[in-house]
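Hello,

Here is the structure I promised to pass on to you. Have a look at it first, and my notes on what turned up follow below.

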Amino acid sequence: MSSTRFARNTLLAATASASLLATDAASAGAKFSIDDTHWVSVGAGLRTSFSSVEDAAPDDGRSNDFTVDSIRLYLNAQIHQYILLEFNTERYDTGDDDDIRMLDAIAKFTIAPEFNIWAGRHLPPSDRANLDGPYYLNAWTFPIAQAYPAIFAGRDEGVSVNGSIDEGVFGYALGVYDGMDASYSGITDLNNPNQDDNLLFAGRLQWALWDPEPGFYTTSSYFGEKNILTFGAAAQYQSDGTGTMASPGDFFGWNVDALLERKVGDGGAVSLEGAYYDYDHDDEMPAFGYQGNGYYLLASFLTPQKFGIGKLQPHVRYQAVDDDNAPDHDRWELGLGYIIDGQKAKVIATYGADDFDGGETTDFFILGVQLQI
């Protein structure tokens with residue numbers, strides 16, 4: 001495959017990954033109270049974009065495509081004083097047609113802010129960008145360096161405990177999941193490396209030095225409402241979680257991430273964000289993602305003043321992947337966001353380029369619109 005076509009596929013995969021990752025649906029939507037302890041909330045999210053990629057058209061010219069990246073329906077309910085239900089769906093482009101698939105299906109036992117139990121399909125403990133999801137990133141596409149296993153849209157099926165200590169100064173999450181098995185997309189009993197049906201173990205720790213960040217889900221911008229300096233670390237392990245049935249290997253992945261956001265003026269903010277990832281596939285052929293390490297660095301600035309109905313938020317991001325089995329991949333991008341109502345309504349324009357070691361540099365442009373309630 002040529003480097004330009006590989007770049008296009010990587011960009012599309014990153015955009016698709018972005019459209020299929022986490023959002024804190026419990027914080028959005030219309031709430032209908034039944035009584036003091038029973039309620040239902042309904043919400044929706046939409047991300048749609050135009051993209052243009054160099055040398056990506058069928059005749060090797062510049063591609064031009066309009067895409068509905070994501071359309072989600074959110075349903076949350078409290079069915080007991082200590083029990084919540086979360087159910088979310090996601091439009092999924094199968095290539096020939098569009099399907100609606102289950103995104104989250106979680107029974108949440110909210111014992112206390114310090115201790116909660118989640119059971120069902122949900123995001124395992126992982127890095128901030130994954131827990132942000134596409135709707136709460138400070139950029140349009142998902143980081144290329146992130147590559148944890150997932151049954152669909154970053155989700156897996158299992159049980160976890162999570163909590164916020166000291167009102168969100170410290171956070172933790174620990175879980176056990178199916179991990180790589182025959183239920184994963186594209187995996188069958190004939191090529192499943194995990195013939196012993198081993199479980200995947202995942203954990204995350206988080207420490208907020210300035211304003212606290214309570215809750216399991218995260219965001220990469222508070223739009224001038226908080227001063228944030230938070231560090232996080234996550235890890236996942238599964239025996240026979242990678243490779244092939246003939247030659248299985250153990251998977252171990254870990255990352256560290258940090259977010260600094262400082263208020264500027266009346267409603268402005270300057271943000272610095274970064275993460276480092278390391279993935280070990282036991283020197284076997286990776287069943288997902290890549291073996292090696294990667295990182296990204298992002299800086300953004302939200303203007304205190306409005307321009308029309310929104311504020312401007314320019315950003316710059318640099319990403320790199322050092323893949324043991326493929327050419328190294330670098331990506332830089334410049335973006336400009338028009339923030340109308342925080343994460344509920346914004347427009348982001350992004351120009352950048354992908355560079356593969358020993359190959360050509362391919363530039364791209366994306367103009368995306370995000371709405372959610």
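A charge counts as sitting over a ring if NZ of Lys or CZ of Arg is within 6 Å of the ring centre and within 35 degrees of the ring normal. In this predicted model, K31 lies over the face of W39, at 4.6 Å from the ring centre. R47 does the like with W140, where the distance to the ring centre is 3.7 Å.

Next, the aromatic pairs. The structure holds 13 of them. In one, the ring centres of F50 and F66 are 4.9 Å apart and the planes are at 50 degrees, so this pair is tilted. F50 belongs to strand 2 (residues 39-53) and F66 to strand 3 (residues 63-80), so the pair ties together parts that are 16 residues apart in sequence. F66 is exposed, its relative accessible area being 73%.

F216 and Y217 make an edge-to-face pair, with 5.7 Å from centre to centre and 65 degrees between the planes. Both F216 and Y217 are buried.

Last, a note on the backbone. Most residues other than glycine have a negative phi. D166, although not a glycine, has a positive phi of about 55 degrees, and E167, not a glycine either, has a positive phi of about 60 degrees. D166 is in the loop between strand 7 (156-165) and strand 8 (170-177), and E167 is in the loop between strand 7 and strand 8 as well. E167 counts as exposed, at 69% relative accessibility.

Best wishes

Technical notes. Residues are numbered from 1 along each chain as its sequence is written. This is a predicted model: local features need pLDDT of at least 70, side-chain atom pairs count only at pLDDT 80 or more; totals for chains, interfaces and linings use all residues. Side-chain values use heavy atoms; hydrogens and water are left out. Rings of Phe, Tyr and Trp (its six-membered ring) pair if their centres lie within 6.5 Å; planes under 30 degrees apart count as stacked, over 60 as edge-to-face and the rest as tilted. Helices (H or I, at least four residues) and strands (E, at least two) are DSSP runs, numbered from the N terminus. Buried means under 20% relative accessible area, exposed over 50%, partly exposed in between (1.4 Å probe, protein chains only).
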